[in-house]
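I opened this notebook to record how two parts of one protein chain meet. The entries follow the order in which I looked things up.

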Amino acid sequence: MNVLSVTPEIFPLVKTGGLADVAGALPLALKAKGVAVRSLLPGYPVVMQGLGRKKAVLAYKDLFGGKAAVHAVVAGGLDLLVLEAPHLFDRVGGPYGDAAGHDWPDNWRRFAALSRAGADIAAGAVAGYAPDAVHAHDWQAAMTLAYMRYGRAAAVPSLITVHNLAFQGRFAASIFGDLGLPAAAMALDGVEYYGGVGFLKAGLQAAWAITTVSPTYAQEIRTPAFGMGLDGLINLRAADLYGIVNGIDVELWNPASDRHLAATYSAKTLKARAKNRAAVEGRFDLERDAGPLLCVVSRLTWQKGIDTLVSIVDQVVAAGARLAVLGSGDAGLEGALLAAAARHRGRVGAVIGYDEALSHLMQGGCDAIVIPSRFEPCGLTQLYGLRYGCVPMVARTGGLADTIIDANEAAVAAGVATGFQFAPDSGDALLHAVRRVVEAHAEPKIWSSIQSQGMKADLSWDRSAAKYVELYRRLLSRRVSQP
Ligand code: ADP
């Protein structure tokens with residue numbers, strides 16, 4: 001089976017969040033199950049630099065305002081199709097915006113171009129390549145499915161995965177004329193969305209099936225509280241909606257061989273984590289071995305509930321815990337965390353920025369990772385926490401609720417607890433969880449049993465990849481023959 005994946009990010013080439021990890025790891029897991037995935041992604045500078053020998057398999061004289069080409073390359077075991085379009089992607093900054101964090105004003109054109117290329121490839125534009133199905137990720141790739149539906153690839157089965165419904169790609173109606181879609185597409189059951197154009201909405205409408213990244217989130221997005229305006233449409237499509245929890249790359253995230261750690265370890269040698277803890281204490285200027293060390297590795301945003309944590313940080317310190325935060329995002333939250341670190345020298349530390357290596361070290365050395373999200377489609381950091389014996393403390397929502405077993409008395413007695421859950425969006429609930437962690441941490445037997453239970457969990461892509469294969473098969477069986 002051949003699947004074309006269309007994605008705006010892919011680890012290790014370009015990553016701003018969990019989507020990149022999924023787009024990079026799922027193809028490798030699918031390969032083992034007989035599914036060959038080719039991933040189409042934009043040729044950002046970081047991607048083009050690492051390409052080496054490239055071969056154009058498709059050329060455009062004019063793709064949304066300039067010359068473009070698709071190159072076939074293999075990198076890190078991934079079979080890539082890179083869309084080189086300098087007028088759209090060759091710029092200094094991030095994948096979606098400039099260095100100051102402002103979205104590129106022509107993002108609609110950039111990701112319509114990616115999607116256009118995806119639909120062309122689905123229709124057979126690359127000689128010798130005919131994907132059996134197309135799998136688009138998030139709003140940036142969603143228009144692929146609209147171009148397929150209104151173009152020459154309507155008979156090719158398609159799937160969209162929603163990694164976060166909060167990002168929808170909404171644009172003014174005035175762009176519609178430049179999208180190159182038939183006039184009929186500007187309709188309620190097409191790309192029209194609240195008077196404008198909605199990329200994700202268009203993809204949800206056109207896709208043969210919809211997945212999101214956990215069963216709980218798949219249910220939550222059917223409600224107004226989590227549906228972000230799309231719950232009506234998602235309910236209409238409920239028969240084609242699936243929740244498949246993400247796996248993690250268990251090679252890359254392996255405490256027994258992780259080169260970012262000061263000391264590697266396994267569930268049998270948890271004591272070795274002390275060296276990593278000392279390294280974290282050094283990086284964050286924290287007092288040594290003085291109470292449980294909690295950490296946060298996160299985008300610093302409202303979604304992630306970082307403001308809830310900030311609101312109780314003084315009580316967290318009073319409860320006897322220490323806190324190390326790595327993240328970047330809202331300037332207000334960054335400032336509040338730096339202020340908390342200044343107020344509680346030695347007890348709270350903050351590093352503002354993105355640091356892959358430090359994120360591994362923190363998982364390998366901290367006692368617990370706090371994830372107070374208001375909503376969380378799947379979440380990866382709690383899974384890394386499980387793998388590293390960095391006990392997850394999670395808000396009971398989305399994928400966090402699906403992947404962590406709360407250390408209540410019954411679960412501890414049965415030896416199945418893997419972390420701590422609390423109600424989302426409540427400082428009191430979070431503080432209560434911190435107190436429970438401080439207590440449990442003081443009982444080494446209980447604590448190490450929670451750690452090792454988490455480390456036993458099967459977090460590999462194997463099971464989830466099997467679910468995707470089953471879904472691709474189901475879609476293929478629905479494939480209508482081309483006229
Ligand atoms: P989201 O995709 O919503 O940001 P996830 O938990 O699904 O959240 O994925 C976040 C990914 O980004 C994880 O791999 C996490 O380790 C990583 N990450 C987030 N912030 C940072 C940071 N400041 N430095 C390093 N890695 C980070």
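Entry 1. I began with the spacing and noted that the C-alpha centres of domain 1 and domain 2 lie 33 Å apart. I then looked up the bounds: domain 1 covers 2–247 + 462–481 and domain 2 covers 270–456, bounds of this kind being taken from an automatic or database domain assignment.

Entry 2. I noted that the model is predicted, that local features need pLDDT of at least 70, that side-chain atom pairs count only at pLDDT 80 or more, and that totals for chains, interfaces and linings use all residues. Residues are numbered from 1 along each chain as its sequence is written, and side-chain values use heavy atoms, with hydrogens and water left out.

Entry 3. I looked up the contacts (heavy atoms within 4.5 Å) and found 19 residues of domain 1 touching 17 residues of domain 2. The buried area, meaning the accessible area (1.4 Å probe) that two parts lose on being put together, summed over both, is about 1300 Å² between these domains, and carbon and sulfur atoms give 60% of it.

Entry 4. I searched for salt bridges (a side-chain nitrogen of Lys or Arg within 4 Å of a carboxyl oxygen of Asp or Glu). Between domain 1 and domain 2 I recorded one. I also noted a salt bridge joining the side chains of K15 and E356, at 3.7 Å from N to O.

Entry 5. I listed the elements that give two or more residues to the side of domain 1 touching domain 2: α1 (18–31) and α7 (215–220), helices here being DSSP runs (H or I, at least four residues) numbered from the N terminus. The largest share, four residues, comes from α7.
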